[in-house]
Amino acid sequence: MRPNIFMKDRVAIVGAGITKFMRRSLETPRELAWEAATQALDSAGLTLKDIDCVVTGSAPDTFDGVHFKGEYIADGSGGISKPITRVYVGGGTGVFIPDAGFWHVASGLCKKVLVLGEEKMSPAHPHPQYVFKYIWDPILERPLEPNLIWIFAMEMRRYMTKCGAQKEDIALVSVKNKRNALDHPSALIPANITVEDVLNSELLVWPVNLLDISPVTDGAVALVMTSEDVARKLTDTPVWVDGIGFTLENQHWYNRELSFPRYLNYAARMAYKMAGIERPWKEIDVAEPYDPFDYKELHHIEGLMLARPCEAWKLVKEGYFNRDGELPTSPSGGLLGVGNPIAAAGVMKVAELYWQLRYEAGKRQVKKAVHKAVANAWGDLMQAGTVIVLSN
Amino acid sequence: MMDMSFEKKGRLEDIVVWPGDQEVDKFVYTPGIHGTEFAKGLKDGKILGMKCKDGKVYVPPLTFCPDFSKGEIAEIEGDWVVITYTIVYEDMYGNFLEKPKVIGFLKPVNGEGGLIHYLNVPIEKINIGLTVRPVFKEERVGNINDIKYFE
(Lines give C-alpha, C1' and ligand atoms only; values in the text may rest on other atoms or scores of the structure.)
Protein backbone atom coordinates (compact mmCIF):
# COMPACT_ATOMS: atom_id res chain seq x y z
CA MET A 1 0.00 0.00 0.00
CA ARG A 2 1.37 3.37 -0.99
CA PRO A 3 -0.32 6.52 0.23
CA ASN A 4 -0.78 9.66 -1.82
CA ILE A 5 2.58 11.33 -1.64
CA PHE A 6 2.78 14.15 -4.11
CA MET A 7 6.20 13.64 -5.59
CA LYS A 8 7.20 15.09 -8.89
CA ASP A 9 10.35 13.02 -9.17
CA ARG A 10 11.49 9.71 -7.73
CA VAL A 11 14.69 10.27 -5.76
CA ALA A 12 17.96 8.34 -6.05
CA ILE A 13 21.33 8.38 -4.32
CA VAL A 14 24.14 8.07 -6.88
CA GLY A 15 27.33 8.87 -4.95
CA ALA A 16 28.87 9.00 -1.49
CA GLY A 17 32.08 10.28 0.09
CA ILE A 18 33.53 10.24 3.59
CA THR A 19 36.57 11.70 5.37
CA LYS A 20 38.50 9.81 8.00
CA PHE A 21 36.83 10.18 11.38
CA MET A 22 39.41 11.79 13.71
CA ARG A 23 39.76 13.00 17.29
CA ARG A 24 41.61 16.23 16.43
CA SER A 25 41.71 16.96 12.75
CA LEU A 26 44.17 19.42 11.25
CA GLU A 27 41.58 20.24 8.58
CA THR A 28 39.21 23.13 9.15
CA PRO A 29 35.46 22.35 9.04
CA ARG A 30 35.41 23.78 5.49
CA GLU A 31 38.24 21.49 4.42
CA LEU A 32 36.53 18.45 5.95
CA ALA A 33 33.39 19.35 4.00
CA TRP A 34 35.38 19.76 0.78
CA GLU A 35 37.08 16.36 1.17
CA ALA A 36 33.77 14.53 1.57
CA ALA A 37 32.03 16.57 -1.14
CA THR A 38 34.73 15.99 -3.78
CA GLN A 39 34.75 12.26 -3.05
CA ALA A 40 30.97 12.07 -3.40
CA LEU A 41 31.03 14.03 -6.69
CA ASP A 42 33.84 11.85 -8.07
CA SER A 43 31.99 8.66 -7.16
CA ALA A 44 28.89 9.95 -8.98
CA GLY A 45 30.93 10.99 -12.03
CA LEU A 46 29.84 14.60 -11.60
CA THR A 47 31.62 17.90 -11.03
CA LEU A 48 30.55 20.83 -8.91
CA LYS A 49 29.22 22.60 -12.03
CA ASP A 50 26.58 19.88 -12.42
CA ILE A 51 25.09 20.45 -8.96
CA ASP A 52 21.84 22.45 -8.77
CA CYS A 53 21.31 22.76 -5.03
CA VAL A 54 23.17 22.00 -1.81
CA VAL A 55 21.80 20.79 1.53
CA THR A 56 24.10 20.82 4.53
CA GLY A 57 23.70 19.95 8.17
CA SER A 58 25.75 20.52 11.25
CA ALA A 59 24.91 20.32 14.95
CA PRO A 60 25.47 23.16 17.49
CA ASP A 61 27.72 25.99 16.28
CA THR A 62 29.39 25.77 19.69
CA PHE A 63 31.32 22.64 18.67
CA ASP A 64 33.15 24.17 15.72
CA GLY A 65 33.14 27.50 17.56
CA VAL A 66 31.81 29.50 14.58
CA HIS A 67 28.40 31.10 14.90
CA PHE A 68 27.26 30.89 11.29
CA LYS A 69 28.36 27.39 10.58
CA GLY A 70 25.99 26.84 7.66
CA GLU A 71 27.56 29.68 5.72
CA TYR A 72 31.03 28.99 7.11
CA ILE A 73 31.13 25.50 5.56
CA ALA A 74 29.21 26.61 2.45
CA ASP A 75 32.24 26.97 0.16
CA GLY A 76 33.64 23.58 1.15
CA SER A 77 30.18 22.13 0.64
CA GLY A 78 30.03 23.47 -2.91
CA GLY A 79 27.21 25.86 -2.06
CA ILE A 80 28.65 29.13 -3.39
CA SER A 81 26.25 30.81 -5.84
CA LYS A 82 23.77 27.96 -5.47
CA PRO A 83 20.58 27.57 -3.44
CA ILE A 84 21.92 26.22 -0.13
CA THR A 85 20.04 25.15 2.99
CA ARG A 86 21.33 24.11 6.40
CA VAL A 87 19.10 21.86 8.48
CA TYR A 88 19.50 21.16 12.16
CA VAL A 89 17.68 18.91 14.63
CA GLY A 90 20.54 18.15 17.02
CA GLY A 91 21.77 14.55 16.78
CA GLY A 92 18.89 13.79 14.43
CA THR A 93 20.46 16.09 11.83
CA GLY A 94 22.49 13.32 10.15
CA VAL A 95 19.46 11.57 8.69
CA PHE A 96 17.46 14.80 8.39
CA ILE A 97 20.01 16.08 5.81
CA PRO A 98 19.22 13.37 3.21
CA ASP A 99 15.53 13.72 4.22
CA ALA A 100 15.80 17.39 3.23
CA GLY A 101 17.77 16.42 0.10
CA PHE A 102 14.82 14.15 -0.74
CA TRP A 103 12.27 16.93 -0.72
CA HIS A 104 14.55 19.17 -2.80
CA VAL A 105 14.53 16.52 -5.54
CA ALA A 106 11.05 15.01 -5.06
CA SER A 107 9.46 18.44 -5.40
CA GLY A 108 11.10 18.93 -8.78
CA LEU A 109 12.93 22.02 -7.51
CA CYS A 110 16.42 20.56 -8.07
CA LYS A 111 17.65 17.67 -10.21
CA LYS A 112 21.09 17.13 -8.69
CA VAL A 113 21.66 17.84 -5.02
CA LEU A 114 24.86 17.63 -3.01
CA VAL A 115 24.03 16.59 0.53
CA LEU A 116 26.60 17.06 3.27
CA GLY A 117 27.01 16.60 7.03
CA GLU A 118 29.99 18.08 8.89
CA GLU A 119 31.04 18.27 12.49
CA LYS A 120 34.26 19.29 14.11
CA MET A 121 33.81 18.81 17.84
CA SER A 122 37.42 19.18 18.91
CA PRO A 123 37.71 23.02 19.00
CA ALA A 124 35.41 23.32 22.06
CA HIS A 125 37.37 23.45 25.32
CA PRO A 126 37.67 22.40 28.08
CA HIS A 127 35.57 19.57 26.57
CA PRO A 128 32.77 19.41 23.97
CA GLN A 129 30.71 17.51 26.55
CA TYR A 130 29.95 20.87 28.19
CA VAL A 131 28.07 21.98 25.09
CA PHE A 132 25.46 19.34 25.80
CA LYS A 133 24.83 20.76 29.25
CA TYR A 134 22.96 23.69 27.75
CA ILE A 135 20.19 21.50 26.37
CA TRP A 136 18.93 21.09 29.94
CA ASP A 137 16.31 23.46 31.37
CA PRO A 138 18.21 26.52 32.64
CA ILE A 139 15.85 27.10 35.61
CA LEU A 140 15.00 23.65 36.90
CA GLU A 141 17.85 21.39 35.87
CA ARG A 142 21.06 23.27 35.11
CA PRO A 143 21.51 24.28 38.79
CA LEU A 144 21.94 20.53 39.47
CA GLU A 145 25.11 20.47 37.30
CA PRO A 146 23.83 17.84 34.87
CA ASN A 147 25.52 16.49 31.79
CA LEU A 148 24.27 14.68 28.73
CA ILE A 149 25.12 11.24 30.05
CA TRP A 150 22.64 11.69 32.92
CA ILE A 151 19.78 11.48 30.44
CA PHE A 152 21.15 8.38 28.79
CA ALA A 153 21.94 6.71 32.09
CA MET A 154 18.38 7.20 33.33
CA GLU A 155 16.87 6.10 30.04
CA MET A 156 19.16 3.04 29.92
CA ARG A 157 18.23 2.13 33.50
CA ARG A 158 14.54 2.41 32.64
CA TYR A 159 15.01 0.21 29.56
CA MET A 160 16.96 -2.38 31.56
CA THR A 161 14.25 -2.67 34.21
CA LYS A 162 11.26 -2.57 31.86
CA CYS A 163 12.81 -5.09 29.50
CA GLY A 164 14.75 -7.28 31.91
CA ALA A 165 18.08 -6.62 30.19
CA GLN A 166 21.40 -6.78 32.03
CA LYS A 167 24.50 -4.65 31.48
CA GLU A 168 26.26 -7.62 29.88
CA ASP A 169 23.44 -8.08 27.36
CA ILE A 170 23.66 -4.45 26.31
CA ALA A 171 27.48 -4.49 26.17
CA LEU A 172 27.22 -7.02 23.31
CA VAL A 173 26.15 -4.16 21.02
CA SER A 174 29.37 -2.29 21.73
CA VAL A 175 31.37 -5.47 21.12
CA LYS A 176 29.58 -6.08 17.79
CA ASN A 177 29.84 -2.51 16.48
CA LYS A 178 33.46 -1.93 17.42
CA ARG A 179 34.31 -5.26 15.75
CA ASN A 180 32.37 -4.32 12.59
CA ALA A 181 34.30 -1.04 12.48
CA LEU A 182 37.60 -2.92 12.09
CA ASP A 183 36.70 -3.15 8.38
CA HIS A 184 35.81 0.54 7.98
CA PRO A 185 38.69 2.65 6.59
CA SER A 186 37.32 5.81 8.26
CA ALA A 187 36.88 4.30 11.72
CA LEU A 188 38.18 6.14 14.79
CA ILE A 189 37.85 3.49 17.51
CA PRO A 190 37.48 0.04 15.97
CA ALA A 191 38.45 -2.77 18.34
CA ASN A 192 38.17 -6.41 19.21
CA ILE A 193 36.81 -6.21 22.73
CA THR A 194 34.83 -8.46 25.06
CA VAL A 195 31.79 -7.89 27.25
CA GLU A 196 34.19 -7.95 30.21
CA ASP A 197 36.15 -5.06 28.73
CA VAL A 198 32.98 -2.97 28.53
CA LEU A 199 31.92 -3.81 32.09
CA ASN A 200 35.40 -3.09 33.43
CA SER A 201 35.88 0.20 31.55
CA GLU A 202 35.72 3.48 33.48
CA LEU A 203 32.33 3.93 35.18
CA LEU A 204 31.04 7.36 34.20
CA VAL A 205 27.39 7.73 35.17
CA TRP A 206 25.94 4.43 36.31
CA PRO A 207 24.91 2.31 34.44
CA VAL A 208 26.97 3.91 31.65
CA ASN A 209 30.64 2.94 31.32
CA LEU A 210 33.17 4.46 28.96
CA LEU A 211 32.91 1.68 26.36
CA ASP A 212 29.11 2.06 26.24
CA ILE A 213 29.59 5.47 24.57
CA SER A 214 30.65 6.76 21.16
CA PRO A 215 33.60 9.19 21.08
CA VAL A 216 34.07 12.90 20.37
CA THR A 217 34.88 13.03 16.64
CA ASP A 218 35.70 15.33 13.71
CA GLY A 219 34.55 14.35 10.23
CA ALA A 220 32.31 14.94 7.20
CA VAL A 221 30.21 12.74 4.90
CA ALA A 222 28.50 13.64 1.61
CA LEU A 223 25.96 12.12 -0.76
CA VAL A 224 24.76 13.01 -4.24
CA MET A 225 20.98 12.75 -4.68
CA THR A 226 19.29 13.09 -8.07
CA SER A 227 15.99 12.66 -9.83
CA GLU A 228 15.28 9.34 -11.55
CA ASP A 229 16.00 10.52 -15.11
CA VAL A 230 19.42 11.85 -14.08
CA ALA A 231 20.21 8.74 -12.02
CA ARG A 232 19.41 6.42 -14.95
CA LYS A 233 21.99 8.24 -17.09
CA LEU A 234 24.67 8.15 -14.41
CA THR A 235 24.52 4.59 -13.14
CA ASP A 236 23.01 1.16 -13.64
CA THR A 237 22.69 0.70 -9.90
CA PRO A 238 21.08 3.74 -8.29
CA VAL A 239 19.84 3.42 -4.74
CA TRP A 240 16.28 4.67 -4.32
CA VAL A 241 14.92 6.69 -1.46
CA ASP A 242 11.56 4.99 -0.84
CA GLY A 243 10.49 6.87 2.24
CA ILE A 244 11.43 9.52 4.74
CA GLY A 245 10.06 10.31 8.18
CA PHE A 246 10.68 13.00 10.75
CA THR A 247 8.68 13.72 13.86
CA LEU A 248 9.01 15.40 17.21
CA GLU A 249 7.72 13.78 20.37
CA ASN A 250 6.74 15.86 23.40
CA GLN A 251 8.82 18.92 24.05
CA HIS A 252 10.39 17.71 27.26
CA TRP A 253 11.29 14.28 28.50
CA TYR A 254 9.26 14.33 31.75
CA ASN A 255 6.08 12.99 30.20
CA ARG A 256 7.54 10.25 28.09
CA GLU A 257 7.88 6.49 28.55
CA LEU A 258 11.63 6.28 28.29
CA SER A 259 11.82 2.55 27.65
CA PHE A 260 10.28 2.86 24.16
CA PRO A 261 11.33 5.53 21.61
CA ARG A 262 8.03 6.88 20.34
CA TYR A 263 9.84 9.84 18.73
CA LEU A 264 11.35 7.28 16.39
CA ASN A 265 8.35 5.02 16.03
CA TYR A 266 6.20 7.87 14.64
CA ALA A 267 8.90 8.82 12.14
CA ALA A 268 9.44 5.17 11.16
CA ARG A 269 5.72 4.63 10.53
CA MET A 270 5.69 7.72 8.30
CA ALA A 271 8.68 6.47 6.29
CA TYR A 272 7.43 2.88 6.01
CA LYS A 273 4.02 4.08 4.86
CA MET A 274 5.63 6.15 2.13
CA ALA A 275 7.79 3.17 1.16
CA GLY A 276 4.85 0.75 1.14
CA ILE A 277 6.43 -1.36 3.87
CA GLU A 278 3.90 -3.06 6.12
CA ARG A 279 6.04 -5.58 7.99
CA PRO A 280 9.45 -3.97 8.49
CA TRP A 281 10.70 -6.85 10.65
CA LYS A 282 10.36 -9.10 7.58
CA GLU A 283 10.91 -6.65 4.73
CA ILE A 284 14.00 -4.75 5.91
CA ASP A 285 17.24 -6.58 5.04
CA VAL A 286 19.86 -4.36 6.66
CA ALA A 287 19.63 -1.44 9.09
CA GLU A 288 21.72 1.34 10.55
CA PRO A 289 19.99 2.26 13.80
CA TYR A 290 21.45 5.29 15.57
CA ASP A 291 23.90 4.05 18.23
CA PRO A 292 25.55 6.88 20.19
CA PHE A 293 25.24 4.51 23.18
CA ASP A 294 25.03 0.72 23.00
CA TYR A 295 21.54 0.41 24.54
CA LYS A 296 20.36 3.06 22.06
CA GLU A 297 20.84 0.64 19.15
CA LEU A 298 18.51 -1.84 20.87
CA HIS A 299 16.06 0.94 21.70
CA HIS A 300 16.06 2.09 18.08
CA ILE A 301 15.79 -1.44 16.64
CA GLU A 302 12.55 -1.68 18.62
CA GLY A 303 11.39 1.80 17.61
CA LEU A 304 12.02 0.90 13.94
CA MET A 305 9.88 -2.22 14.52
CA LEU A 306 12.70 -4.55 13.49
CA ALA A 307 12.11 -6.41 16.77
CA ARG A 308 9.26 -6.41 19.28
CA PRO A 309 9.57 -4.01 22.23
CA CYS A 310 12.00 -5.41 24.82
CA GLU A 311 13.19 -8.23 22.55
CA ALA A 312 16.15 -6.69 20.74
CA TRP A 313 18.56 -7.53 23.59
CA LYS A 314 17.58 -11.20 23.37
CA LEU A 315 18.15 -11.28 19.61
CA VAL A 316 21.53 -9.58 19.88
CA LYS A 317 22.65 -12.48 22.09
CA GLU A 318 21.72 -14.93 19.32
CA GLY A 319 23.80 -13.07 16.74
CA TYR A 320 20.64 -12.04 14.87
CA PHE A 321 22.05 -8.56 14.20
CA ASN A 322 25.58 -9.63 13.23
CA ARG A 323 26.85 -9.09 9.70
CA ASP A 324 26.10 -12.72 8.89
CA GLY A 325 22.87 -12.69 10.89
CA GLU A 326 19.21 -12.57 9.85
CA LEU A 327 18.97 -8.77 10.07
CA PRO A 328 22.40 -7.11 10.21
CA THR A 329 22.44 -3.80 12.12
CA SER A 330 25.23 -1.22 12.03
CA PRO A 331 27.40 -3.24 9.62
CA SER A 332 29.47 -0.04 9.26
CA GLY A 333 30.55 -0.24 12.88
CA GLY A 334 28.17 2.55 13.83
CA LEU A 335 28.88 5.53 15.99
CA LEU A 336 30.36 3.24 18.62
CA GLY A 337 33.07 2.00 16.26
CA VAL A 338 33.44 4.44 13.36
CA GLY A 339 32.87 7.53 15.51
CA ASN A 340 30.30 10.21 16.19
CA PRO A 341 30.85 13.56 14.45
CA ILE A 342 27.22 14.43 15.26
CA ALA A 343 25.65 15.53 11.96
CA ALA A 344 28.15 13.61 9.84
CA ALA A 345 27.53 10.39 11.79
CA GLY A 346 23.95 10.03 10.54
CA VAL A 347 25.01 10.65 6.94
CA MET A 348 27.72 8.00 7.45
CA LYS A 349 24.92 5.54 8.27
CA VAL A 350 23.00 6.42 5.11
CA ALA A 351 26.23 6.18 3.07
CA GLU A 352 26.81 2.70 4.52
CA LEU A 353 23.37 1.55 3.39
CA TYR A 354 24.06 3.04 -0.05
CA TRP A 355 27.22 0.92 -0.33
CA GLN A 356 25.45 -2.16 1.09
CA LEU A 357 22.60 -1.87 -1.44
CA ARG A 358 25.12 -1.55 -4.28
CA TYR A 359 27.17 -4.48 -2.93
CA GLU A 360 30.14 -2.12 -2.67
CA ALA A 361 30.76 -2.38 1.08
CA GLY A 362 33.77 -4.69 0.59
CA LYS A 363 34.66 -6.57 3.76
CA ARG A 364 31.69 -4.95 5.48
CA GLN A 365 29.17 -6.37 2.97
CA VAL A 366 26.51 -8.32 4.83
CA LYS A 367 26.15 -11.99 3.99
CA LYS A 368 22.51 -12.02 2.96
CA ALA A 369 21.00 -10.55 -0.20
CA VAL A 370 19.81 -6.98 0.37
CA HIS A 371 16.89 -5.09 -1.15
CA LYS A 372 15.52 -2.74 1.48
CA ALA A 373 17.32 -0.82 4.20
CA VAL A 374 16.52 1.68 6.94
CA ALA A 375 18.57 4.19 8.95
CA ASN A 376 17.58 6.55 11.73
CA ALA A 377 19.00 9.31 13.86
CA TRP A 378 17.76 11.01 16.99
CA GLY A 379 18.32 14.35 18.57
CA ASP A 380 17.41 17.75 19.95
CA LEU A 381 16.42 17.32 23.61
CA MET A 382 16.17 13.62 22.80
CA GLN A 383 12.78 13.94 21.11
CA ALA A 384 13.43 14.39 17.38
CA GLY A 385 13.26 11.25 15.24
CA THR A 386 14.50 11.12 11.64
CA VAL A 387 14.26 8.07 9.35
CA ILE A 388 15.13 7.14 5.76
CA VAL A 389 14.17 3.97 3.86
CA LEU A 390 16.25 2.93 0.85
CA SER A 391 16.05 0.17 -1.78
CA ASN A 392 18.01 -1.04 -4.78
CA MET B 1 -3.09 45.89 36.85
CA MET B 2 -0.50 43.26 37.65
CA ASP B 3 3.16 43.70 36.79
CA MET B 4 3.82 42.58 33.29
CA SER B 5 7.14 41.88 31.72
CA PHE B 6 6.72 44.78 29.34
CA GLU B 7 6.85 47.21 32.23
CA LYS B 8 10.43 48.28 32.12
CA LYS B 9 12.65 46.71 34.77
CA GLY B 10 16.09 48.14 34.44
CA ARG B 11 17.71 46.41 37.38
CA LEU B 12 18.43 42.69 37.78
CA GLU B 13 17.83 43.06 41.53
CA ASP B 14 14.14 43.79 40.89
CA ILE B 15 13.34 40.53 39.14
CA VAL B 16 13.74 36.81 39.84
CA VAL B 17 16.67 35.46 37.87
CA TRP B 18 18.60 32.21 37.83
CA PRO B 19 22.19 32.91 36.96
CA GLY B 20 23.83 30.55 34.49
CA ASP B 21 27.08 30.18 32.65
CA GLN B 22 28.41 28.25 29.69
CA GLU B 23 31.67 26.53 30.46
CA VAL B 24 32.83 26.22 26.88
CA ASP B 25 34.87 29.37 27.23
CA LYS B 26 37.80 28.46 25.03
CA PHE B 27 38.20 27.19 21.51
CA VAL B 28 41.19 25.68 19.80
CA TYR B 29 40.98 26.30 16.06
CA THR B 30 43.26 24.58 13.59
CA PRO B 31 44.21 26.67 10.54
CA GLY B 32 43.79 23.71 8.17
CA ILE B 33 46.15 22.10 5.66
CA HIS B 34 47.16 25.12 3.57
CA GLY B 35 46.30 27.41 6.50
CA THR B 36 49.18 25.80 8.39
CA GLU B 37 51.50 26.73 5.50
CA PHE B 38 50.07 30.25 5.59
CA ALA B 39 50.91 30.49 9.31
CA LYS B 40 54.46 29.24 8.69
CA GLY B 41 54.80 31.79 5.90
CA LEU B 42 53.84 34.63 8.23
CA LYS B 43 56.52 33.45 10.65
CA ASP B 44 59.02 33.71 7.79
CA GLY B 45 57.74 37.18 6.91
CA LYS B 46 55.87 36.08 3.78
CA ILE B 47 52.24 36.10 2.72
CA LEU B 48 51.32 32.84 1.02
CA GLY B 49 48.42 32.21 -1.26
CA MET B 50 47.11 29.32 -3.31
CA LYS B 51 47.54 29.00 -7.06
CA CYS B 52 44.54 27.49 -8.83
CA LYS B 53 44.00 26.04 -12.30
CA ASP B 54 42.63 29.39 -13.50
CA GLY B 55 46.15 30.79 -13.00
CA LYS B 56 45.09 33.09 -10.18
CA VAL B 57 46.62 33.16 -6.71
CA TYR B 58 44.05 33.24 -3.91
CA VAL B 59 44.75 34.73 -0.48
CA PRO B 60 44.32 33.33 2.13
CA PRO B 61 44.90 29.75 0.94
CA LEU B 62 41.94 27.43 1.71
CA THR B 63 43.26 24.13 0.28
CA PHE B 64 40.45 24.02 -2.29
CA CYS B 65 39.91 26.40 -5.21
CA PRO B 66 36.58 27.90 -6.33
CA ASP B 67 36.35 25.11 -8.93
CA PHE B 68 36.77 22.55 -6.08
CA SER B 69 40.20 21.32 -7.18
CA LYS B 70 43.17 21.37 -4.83
CA GLY B 71 45.44 24.41 -5.14
CA GLU B 72 49.21 24.85 -4.84
CA ILE B 73 50.91 27.11 -2.31
CA ALA B 74 52.45 30.21 -3.91
CA GLU B 75 53.92 33.38 -2.46
CA ILE B 76 52.12 36.62 -3.09
CA GLU B 77 54.40 39.58 -3.73
CA GLY B 78 54.00 43.21 -4.64
CA ASP B 79 51.52 45.91 -3.67
CA TRP B 80 48.11 45.63 -2.07
CA VAL B 81 45.18 47.94 -2.84
CA VAL B 82 42.83 49.46 -0.26
CA ILE B 83 39.35 48.32 -1.35
CA THR B 84 37.61 49.93 1.60
CA TYR B 85 38.45 51.07 5.13
CA THR B 86 37.06 52.33 8.40
CA ILE B 87 38.35 54.33 11.36
CA VAL B 88 37.70 53.00 14.85
CA TYR B 89 37.24 55.65 17.58
CA GLU B 90 35.84 53.51 20.42
CA ASP B 91 36.72 50.05 21.68
CA MET B 92 34.20 47.27 22.46
CA TYR B 93 33.56 48.71 25.93
CA GLY B 94 32.85 52.23 24.76
CA ASN B 95 36.25 53.64 25.76
CA PHE B 96 37.49 56.49 23.59
CA LEU B 97 40.72 55.62 21.76
CA GLU B 98 43.49 58.23 22.04
CA LYS B 99 44.84 57.04 18.69
CA PRO B 100 42.05 55.90 16.32
CA LYS B 101 42.68 52.61 14.53
CA VAL B 102 42.45 52.44 10.76
CA ILE B 103 41.23 49.08 9.47
CA GLY B 104 41.34 48.27 5.79
CA PHE B 105 40.13 45.56 3.47
CA LEU B 106 43.11 44.94 1.23
CA LYS B 107 43.45 43.04 -2.01
CA PRO B 108 46.74 41.97 -3.56
CA VAL B 109 47.46 43.49 -6.96
CA ASN B 110 48.78 40.10 -8.12
CA GLY B 111 46.05 37.96 -6.61
CA GLU B 112 42.45 37.27 -5.65
CA GLY B 113 40.77 37.42 -2.28
CA GLY B 114 42.33 39.65 0.35
CA LEU B 115 42.93 40.33 4.02
CA ILE B 116 41.59 42.67 6.66
CA HIS B 117 44.38 44.43 8.57
CA TYR B 118 45.52 47.60 10.28
CA LEU B 119 46.66 50.51 8.13
CA ASN B 120 49.46 52.79 9.26
CA VAL B 121 48.48 55.67 7.04
CA PRO B 122 47.68 59.22 8.26
CA ILE B 123 43.91 59.62 8.38
CA GLU B 124 43.96 62.58 6.00
CA LYS B 125 45.85 60.52 3.39
CA ILE B 126 43.84 57.31 3.57
CA ASN B 127 41.61 56.62 0.58
CA ILE B 128 40.19 53.85 -1.50
CA GLY B 129 42.60 52.79 -4.22
CA LEU B 130 45.70 53.60 -2.18
CA THR B 131 48.49 51.04 -2.63
CA VAL B 132 50.18 49.68 0.49
CA ARG B 133 52.65 46.97 1.54
CA PRO B 134 52.79 44.74 4.61
CA VAL B 135 55.20 45.56 7.43
CA PHE B 136 56.17 42.56 9.55
CA LYS B 137 57.11 42.52 13.22
CA GLU B 138 60.65 41.63 14.27
CA GLU B 139 59.46 38.83 16.56
CA ARG B 140 57.04 36.53 14.72
CA VAL B 141 55.05 33.56 16.05
CA GLY B 142 53.06 32.40 13.03
CA ASN B 143 49.75 34.26 13.25
CA ILE B 144 48.03 37.15 11.48
CA ASN B 145 49.41 39.68 13.97
CA ASP B 146 52.93 38.92 12.70
CA ILE B 147 51.98 41.57 10.17
CA LYS B 148 52.32 44.81 12.15
CA TYR B 149 50.25 46.76 9.64
CA PHE B 150 50.16 47.76 6.00
CA GLU B 151 51.51 51.16 4.96
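Okay, let's start with chain B: residues 24 or more positions apart account for 49% of its contacts with a separation of 6 or more. A contact here means two C-beta atoms, placed from the backbone, within 7 Å. Before I go on, this is a predicted model, where local features need pLDDT of at least 70 and side-chain atom pairs count only at pLDDT 80 or more, while totals for chains, interfaces and linings use all residues. Residues are numbered from 1 along each chain as its sequence is written, and chains are lettered from A and ligands numbered from 1 in the order in which they are written.

So what is chain B built from? You'll find one helix and eleven strands, taking DSSP runs of H or I with at least four residues as helices and E runs with at least two as strands, numbered from the N terminus. Chain B is more spread out than a compact globule, because its radius of gyration is 22 Å, well over the 15 Å that the globule rule gives for 151 residues. That radius is taken over C-alpha atoms, and the rule is 2.2 Å times the number of residues to the power 0.38. Along its principal axes, the C-alpha trace of chain B spans about 70 × 40 × 30 Å.

How much of chain B is buried? The answer is 25% of its 151 residues, where buried means 20 or more other C-beta atoms within 10 Å of a residue's own, exposed means 12 or fewer, and partly exposed is in between.

Now, the cores. The largest nonpolar core has 140 residues, and Ala222(A) and Leu223(A) have the most contacts inside it. A core like that is a set of buried Ala, Val, Leu, Ile, Met, Phe, Trp, Tyr and Cys residues joined through C-beta atoms within 7 Å. Helix α15 of chain A, residues 342-357, gives this core its largest share, eleven residues. Another core, of six residues, lies apart from it and includes Val82(B) and Phe150(B). Back in chain A, Leu223(A) touches, among others, Ile13(A), Val347(A) and Tyr354(A).

Finally, where do the chains meet? Chain B puts 19 residues into the contact and chain A puts in 24 residues. On the chain B side, β1 (26-27) and α1 (33-43) each supply at least two residues, with the largest share, three residues, coming from α1(B).

Methods:
Lists of a residue's contacts leave out its neighbours within four places in sequence.
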